Amino acid sequence: MRLHKMMNEGEKQMSRVWKFGADVDTDQIVPGRYAPYMLKEGQDVKDYAFIEARPGFASGAAAGDIIVAGPNFGCGSSREYAPEALRRRQIAAIIAPSFARIFYRNAINLGIPLYESAEITQALEDGQEIEFNFQQSQISSGGTIYSLPELPDFAAQIIDSGGITIYVKEHGRFPGE
Amino acid sequence: MAQTIAEQILSHAAGRPVKPGELVTLRPDVIMAHDSLAPSVISILHNRLGMQHVADPDQCVLVMDHVAPASTVGTADNQNLVRAFAREEGIRLFEVGRGICHQVLVEEGIARPGAIVVGSDSHSTSYGAVGSFGTGMGSTDIALAMGTGKVWFKVPETLQVRVSGRFNQGVEAKDLALYLARRLGIDGATYMAIEYLGLDWLPLDGRQTLASMAIELGAKAGIFPPTGVVTERFSAPDWLECNPHAVAARQIEIDLAVLEPQIALPHSVDQVVDLSTVAGQQIDVVFLGTCTNGRYEDMRQAADMLRDRQIAAGTRLIVTPASRQELQRAIADDTMSILLDAGATLTTPGCGPCMGRHQGTLGKYDVCLSTGNRNFRGRMGHPSSQIFLASPGVAAASAITGHITDPRDL
């Protein structure tokens, strides 16, 4: 199921902003001690998202919520289970002034749209109710509409397919190849 | 136009000159996965991509280093799954105890000048020590690389670090790596390739220390021109040259003559200060190891400090050699016996407690001085624990006193 389509189906539903500071590292998103490699059968990495850095996130985050953070979101290790935990929590988008390189690739590959915008990051508050519309690339909140920056072409193609594995299966090649 | 080393390597693989910012799809020479993420790579390959086999087994390498040997039934079962995959596909697998992937691939000559090495580990920038374009990727990218034989890259801009002078006594490659984090910040080189210049005299182990920490500045790669000791062990391809006129997006200059011992404070690798600022801080554990500082030279440095001395009462010293070869070198002379006589605990070559999973996980409020590369909150154990990052010399001196100590003061 494509993440953004899943979000936009059905009735309009208000979602909330989860706001984080600068340099959120992948050890904060999912500590290495909670890697799928270390979990027991039946445990799911989505239940360990921000388990130490933000207790309450895993139980409180609902499908369609978005993360808004400071610069360099996702720095540190290559662990794809960090964005995977957020995908399984059905986080609809992440907005930050900048992203760490490996996290950026991983999240886009998994079909999570990432938007680089310092302005929108500054404008949105923790807990704020918003509505995210992927098709129109905008976020609305309390009558204000924020236009999201356009995704780079390769990222848009991957997200539109629902992730790079689906894209490659459908096209038999990488975007732009 | 003269190209940087990263541009030359990517151009060679693409079969045409490429420029920073361009997207290219090309064939990496080596695709590496370790025990921690290989199970997810295999699952993505088989289940999400629906591919039964890797494109070319000779392109792939598997290394057991992150939890080595297995600590739980779950990690043991996962490792067996990786072993079965390696057997079925005919992929080289380096077993538990062989060492950290980044050390093993250099020792085996798998990472070599001009090669493109992609790994499931962020510290894959380490391969730049021998002039490879080494970079870390997530499980999906690695699964796609194994399944298709290809990866896509954005050609990075280059940041040249131009170094002059030599290290003062008590100052090492680790201090330079920490100083770079201090000067550039944790995202100072995001998406860039770092090129280290003026260090043709630096031994291989020091190059590995610096290249491993390129990722801590956000870099995509950290590359040394293949010069000096590297040319004695590896042959560099004739198309690869270090061109002084290559255009870099940014240059910084560093004079080693003024560099003092550095230390990163909890909980960020760029919270770096001169060691003297925090000298005297009590510590519980000293960890000597990792892909950054777990080699023979690092253990030797510690042994030279610890000869005829004991570690402080109430302090633990955990030594995790980067590889079996490095351990054997430390056993061949008196390095390991000095460390053990001083009270050190020796663990299996591999990643050790760096990720807080085994062999020295930190408990509540533990304070650790590590020769590793990351000190994020909770990285090595309980989130209330603290990690300071410093050189092997500082680690050994601090193990002797039980508090953070400048090796020149002993």
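**Notes on the two chains**

1. Chain B is divided into domain 1 (5–255) and domain 2 (262–409); domain bounds come from an automatic or database domain assignment. The C-alpha centres of domain 1 of chain B and domain 2 of chain B lie 24 Å apart. This is a predicted model, in which local features need pLDDT of at least 70 and side-chain atom pairs count only at pLDDT 80 or more, while totals for chains, interfaces and linings use all residues. Residues are numbered from 1 along each chain as its sequence is written, and chains are lettered from A and ligands numbered from 1 in the order in which they are written.

2. The contact between these domains takes 32 residues from domain 1 of chain B and 34 residues from domain 2 of chain B; two residues are in contact if their C-beta atoms, placed from the backbone, lie within 7 Å. On the side of domain 1 of chain B that touches domain 2 of chain B, the elements giving two or more residues are α4 (101–107), α6 (173–184) and α7 (204–212) of chain B. Helices (H or I, at least four residues) and strands (E, at least two) are DSSP runs, numbered from the N terminus. The largest share of that side, six residues, comes from α6(B). By class, the side of domain 1 has 10 nonpolar, 13 polar and nine charged residues. Here Ala, Val, Leu, Ile, Met, Phe, Trp, Tyr, Cys and Pro count as nonpolar, Asp, Glu, Lys and Arg as charged, and the others, Gly among them, as polar.

3. Within chain B, strand β8 (residues 158–164) and strand β9 (residues 193–197) run parallel and are joined by five bridges. Leu159(B) has Ile194(B) in β9(B) as its bridge partner. Axes are lines fitted to C-alpha atoms, for helices over the stretch in contact, and angles run from 0 to 180 degrees between N-to-C directions.

4. Strand β1 (residues 23–26) of chain B pairs with β7(B) in the antiparallel sense over four bridges, and Leu26(B) stands opposite Val151(B) in β7(B). In a regular strand the side chains alternate between the two faces of the sheet. Strand β7 (residues 151–154) of chain B has Val151(B) and Phe153(B) on a covered face, and Trp152(B) and Lys154(B) on an uncovered one.

5. Two cis peptide bonds deserve a look. One joins Ala68(B) and Pro69(B), with omega about -10°, and Pro69(B) lies in the loop between β3 (60–63) and α3 (73–89) of chain B. Another runs from Pro266(B) to His267(B), with omega near 5°; His267(B) is in the loop between β12 (262–264) and β13 (272–274) of chain B.

6. Turning to the other chain, 37 residues of chain A are in contact with 40 residues of chain B. On the side of chain A that touches chain B, α2 (26–29), α5 (101–110) and α8 (164–171) of chain A give two or more residues. α5(A) gives the most to that side, with six residues.

7. Helix α4 (residues 81–88) of chain A packs against α5(A) at an angle of about 40°, with their axes 9 Å apart. Ala82(A), Pro83(A), Glu84(A) and Arg87(A) of α4(A) meet Phe103(A), Asn106(A), Ala107(A) and Leu110(A) of α5(A).

8. Asp23(A) has a positive phi of about 50° although it is not a glycine. Asp23(A) is placed in the loop between β1 (15–19) and α2 of chain A. Is Asp23(A) buried or exposed? Asp23(A) is buried, with 24 other C-beta atoms within 10 Å; a residue is buried if 20 or more other C-beta atoms lie within 10 Å of its own, exposed if 12 or fewer, and partly exposed in between, with C-beta atoms placed from the backbone.

Terms used: Two strands pair if DSSP finds at least two bridges between them.
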